Amino acid sequence: MSYFFRSIATRSFWKYALLTPAGASRMFAAVGVIWTFIELLDFFGIYQQAQYSKFAIIPVLGAGILFAVLRVRPVSRIVYKIHGRDLTIEVKIGDLLDAAGGVVISSNTTFDTDIASGLISMNSLQGQFATRFFEGNTSEIDNQIVKSLAQHPSIQINRPFGKQFEYEIGTVAQVNSHGNAYYFLAMSKLNEQRNAYSSVEMIDAALRQLWPFVRNQGEMQDLAIPLLGTGRGRVGLLRKKMIEKIAQSFVDASRDAPFAKRLIIYVHPSDADNFEINLFEVRDYLSQSIHS
């Protein structure tokens, strides 16, 4: 409910409700219907326009505005079509693990999966993935990761926890489950306190490696991705700016050889609430910032 009221309080909401062609059309259509009804009342002598019509315009316009606003309720998804390109960016408030097709899962450079010891939190995206699709059996996930990374270079590290082979930022390991392809993307590192950390530069590097992998391994299906690094990765970037960064990187990578028709950027419901993310504002921001 708080998301609903925050949306209504933004300039972007009122812009889409009233100042777009569709919004204005809804408002004037409502005014037209009401005015026609008044004409009928006047015809039957119930209401005399000559005496009251100059005052009636105010409530009639008010009713038209109310109708237009009620038709544009706060939304949980917006779709932005890239001008002149067969590409679509969708931003959706929801659970990434409900997505179908190709799904990006944020990971660290050692592809640790151990949730039993607490190295990977049960509440993290990886932890939820392991619980939902593998019943917490991370050994099967590890088997698929090892197979996928067989041809990727790595360096051996020495630390008292986790896996001992590290891969470059942007390395992708594919894990298949329930008919979907899950792309584990190395976009963070673990520090000595066993906490993940990332940076804007690491996110940029990871995205540059992700798209070619999907192009080579994917099947031109929709691609779903979370807001990389904004949670446990501790990247200090506004959510809407991370949305723009991911979207622009996707558009740039698709310029010469498209690999997905639609990119769906998922915003977790808790993020939408805690960080006051408004999708009307996000769409405005994308329309002003994305270049094709």
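Helices here are DSSP runs of H or I with at least four residues, strands are runs of E with at least two, and both are numbered from the N terminus. With that in hand, hello everyone, and let's walk through the structure together.

A word on where it comes from. This is a predicted model, where local features need pLDDT of at least 70, side-chain atom pairs count only at pLDDT 80 or more, and totals for chains, interfaces and linings use all residues. Residues are numbered from 1 along each chain as its sequence is written, and side-chain values use heavy atoms, leaving out hydrogens and water.

Let's begin at a loop. His 178 sits in the loop between β6 (172–177) and β7 (180–190). Its phi is near 55°, a positive value in a residue other than glycine. Is His 178 buried or exposed? His 178 is exposed, at a relative accessible area of 59%. For these words, buried means under 20% relative accessible area, exposed means over 50%, and partly exposed is in between, using a 1.4 Å probe and protein chains only.

Now step back into strand β6, where you will find Gln 174. Gln 174 is buried, with a relative accessible area of 18%. Which residues does Gln 174 touch, not counting residues up to four places away in sequence? They are Gln 144, Ser 148, Ala 181, Tyr 182, Tyr 183, Phe 213 and Gln 217. Contact, by the way, means heavy atoms within 4.5 Å.

Next, a pair of helices: α5 (residues 125–134) and α6 (residues 138–148). Their axes come within 9 Å and cross at roughly 105°. Axes are lines fitted to C-alpha atoms, for helices over the stretch in contact, and angles run from 0 to 180 degrees between N-to-C directions. So α5 and α6 are roughly perpendicular to each other. The cut-offs are these: under 35 degrees is roughly parallel, over 145 roughly antiparallel, 65 to 115 roughly perpendicular, and the rest oblique.

Who meets whom here? Phe 129, Ala 130 and Phe 134 in α5 meet Thr 138, Glu 140, Ile 141 and Gln 144 in α6. By class, this contact of α5 with α6 has four nonpolar, two polar and one charged residues. In this scheme Ala, Val, Leu, Ile, Met, Phe, Trp, Tyr, Cys and Pro count as nonpolar, Asp, Glu, Lys and Arg as charged, and the others, Gly among them, as polar.

In the loop between α5 and α6 is Glu 135. Glu 135 has a phi near 50°, again a positive value in a residue other than glycine. Glu 135 counts as exposed, at 76% relative accessibility.

On to α7 (200–217). α7 has 18 residues and reaches 26 Å from its first C-alpha to its last, close to the 26 Å expected at 1.5 Å a residue. That expected span is 1.5 Å times one less than the number of residues. Among the buried residues of α7 are Ile 203, Leu 207, Trp 211 and Phe 213.

Its partner is α8 (residues 239–253), with 15 residues and a reach of 21 Å, close to the 21 Å expected. The axes of α7 and α8 come within 10 Å and cross at roughly 40°. α7 passes α8 in a right-handed crossing; a crossing is left-handed if the near helix is turned anticlockwise from the far one by less than a right angle, and right-handed if clockwise. The contact involves residues including Val 200, Ile 203 and Trp 211 of α7, and Met 242, Ile 246 and Phe 250 of α8. By class, the contact of α7 with α8 has eight nonpolar, one polar and three charged residues.

What else do the buried residues of α8 pack against? Besides α7, their partners include β2 (88–93), β9 (223–226), β10 (262–267), α9 (269–274) and α10 (279–289). Let's look at α10. α8 and α10 pack at an angle of about 45°, with their axes 10 Å apart, and are therefore oblique to each other. The crossing of α8 and α10 is right-handed. Lys 240, Lys 241, Ile 243, Glu 244, Ala 247 and Gln 248 in α8 meet Val 282, Tyr 285, Leu 286 and Ser 289 in α10. This contact divides into five nonpolar, two polar and three charged residues.

One last stop: Ile 277, in the loop between α9 and α10. Ile 277 is buried, with a relative accessible area of 6%.
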